[in-house]
Each structure stands twice: as C-alpha cells, then as structure tokens.
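Open the model in your viewer and keep the selection panel at hand.

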Amino acid sequence: MYPSVTRWKTLLRTTALSLLAVVSAVGVGAGPAMAADGNVAWTVRTASNGYGEARSSYSYNVNPGGAVEDAMVVANRGPAPLTLSVYAADGFTTDAGQLDLLTRDTKSIAIGAWVKPKAGSVVIQPGKTAQVPFQVSVPENATPGDYVGGILTTLTQADQAEGINVDRRLGIRIKLRVGGELKPNLAIENLHVKYAGLTNPFSKGDATITYQVHNVGNAALSGKQAVTVSGPFGLLRVRAADVAAPPELLPGESWNVTVPVHGVAPAISLAATATVTPLLTDASGSTTSLKPVEVTAHGWALPWMLVLVLVVLIAALVGAFLYRRRNRAQRKAREDARVRDAVEQALRGPEPQTS
C-alpha cells in the first residue's frame, strides 16, 4: 500500500493519516508500511526490544517526570541511497474520524514536543536498514491522561513540472498515558430535534437529531450511541436504527452527530433522547464500558395540514359569528331608529289640518 503524494505547502495531512492506518491495520506480520515513488521506496516498523515484538504501534505508560527509550526501524527498498528527516508530531482526529498528525510547521505541545529522535535525519544505503532511536521525556508538570501523536520519516523532493516541493511522510503512531488520576468522561452538547412531516396529517414523518459528543475528560474515549424520539408522556416512542460509534476522541475533542429517525408520529411535542456509553481502552487493548451519559431535548412536531384545516375552520366560524353579530347590530339599529321616530312623532302631536 502506498501513501498519497501531497504538496509541501499543505504539508501532507492525509498522507500521515493513511500511513498510520497502514501500520496499525497491517502490522509487521503482513508487511511494514511502505512509501514508494519511482526509484524511491522505504518502509518503517517498530523495533523489537523489551517493549515487545511485531508491535503495530508504540504504547507507553509514563509518570510525570519519567522517560522511556525506544527505536524505529527504517529500511531502504530503493536502488539509491536515501536521506530521510525524522521528527515527531501531535495527533488529532480529522472530520473523517481518523487520526492525523500536525504538520511540521505547526507547533506541537505534547507528543511532538516530548519525543526526541537521537538524530534529525538518517541516511540509509540501498537494501539496508537503520534503527532510529528516540526518547519520550514526560515533563514533571504534565497533566495525567492520554496523548496521541507519531514519529515520522519524511522525504522532500522537487517537482520540476509543478515548480513545487513534494513532501512524503511515513510514520508510526505513539499513544502515551501519563500517570495520575484518570477521569474519563464524555458529554452530549447542543442537542436539537427537527421534524419533517407529510401532507397527510395522519401519516408519520421523520425527525433529525443533531448533537455533539465532547470528550471533557483526560482519557481517549469512543462510545456506543442510541437515540430515541417520543411524544408526550413517553408515548409513541421510536428508536433510531443503529447509530455509528464516534471515533476515539482525544481529550478536548468533539464529534458532530446527525441521526435520522423515521416513522415519527406528529405528536405536537417531541422529546429526543441521546445516550452515549463511553468506551475506555487500556494498554492491553481491553475495552471497558463506563456509565452511560443521557440528555433529552424537546421540539415541535405539528401536523401542518391538519393545523391549516383547523385554522381555516376557525376563521370561517369567526367570520360567520362576526357576520351574524353585525347583522343583529344593524337590525337593532334600524329598530331603535323606528322607535325613536315614533316617539318623536307622538311627542309632536297630530299635524295641524289646513282648509
């Protein structure tokens, strides 16, 4: 599998993502991650040592002020000597839900700052391998919790046709848990429900639930999600189909979720409930389910056609009432005028006779 080639000015976010995915998914047993372009090709893998053999990535538990040493093995698969730069960078979760690494010109404050290769570059002869030692030094004031980043090898080449520099990266993920109190916690924020009904007031429609899953703790977390929509007093409850799990979120990260719920009755008032069960993975790969987080928000589900009919009917009744009221008022006014004229005539007496 080969990484994509990106331009130096964009500094290869997707490339790092794809390469890290290869290392994590394929592993050493099925072949190391490889970068190749024409006569240039190299691979990277974890070194076999006291931390293990055939590791797909690096994983450490280190207390504040502590340090560990490890190494990456780089192999030149091409026919010419190869000079590669080596550096580390912090990781983050992309909008596609995958791990990426900060670009080299973006300041790292954790893994990228704490991981120091013994050399900033390595020269490898054709068909040869080289170990690249590095040290992870955790500051004494480091906050307990999970950190993710990577160690990278890069090759910069000039693209004469485009007149730019092309930078290709190949790296391995580093997951670090700094010792101290672990506080895993997810929050559901900005929960909203919108309803879209049909023209038939007695037909069911669709609701759209949106919210954010926010990692407000200090541990990397994924989660299982469930969404339900119900009418007043919990009646007419409908459960959404399987809701995809969010990616593993690093502390401080958020993930936008949109869930369609079909077959929702227009029950005037809707209650949407989102539930997320945090999943915590330890260094051995075991996953633990934590206490579910549940939030409910309310919205309107009006049968607009029925509402329109009711509005028209009410308007007709009001119009008829006002029309009858006006007619009664006019008749009363005419009767009052007739009585007044009769009284006035009676008070004036009979008209004098003329001979």
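This is a predicted model: local features need pLDDT of at least 70, side-chain atom pairs count only at pLDDT 80 or more; totals for chains, interfaces and linings use all residues.

Residues are numbered from 1 along each chain as its sequence is written, and side-chain values use heavy atoms, with hydrogens and water left out.

The structure holds four aromatic pairs. Rings of Phe, Tyr and Trp (its six-membered ring) pair if their centres lie within 6.5 Å; planes under 30 degrees apart count as stacked, over 60 as edge-to-face and the rest as tilted.

Select Tyr58 and Tyr60. Their ring centres are 6.3 Å apart with planes at 15°, so this pair is stacked. Tyr58 is buried at 0% relative accessibility, and Tyr60 is buried at 3% (buried means under 20% relative accessible area, exposed over 50%, partly exposed in between; 1.4 Å probe, protein chains only).

Next, select Trp114 and Tyr147. The ring centres of Trp114 and Tyr147 lie 5.0 Å apart and the planes at 65°, so the pair is edge-to-face. Trp114 is in helix H2 (residues 111-114) and Tyr147 in strand S11 (residues 145-159), 33 residues apart. Helices (H or I, at least four residues) and strands (E, at least two) are DSSP runs, numbered from the N terminus. Both Trp114 and Tyr147 are buried.

Finally, go to Arg334 in helix H3 (residues 304-348). Arg334 is exposed, with a relative accessible area of 54%.
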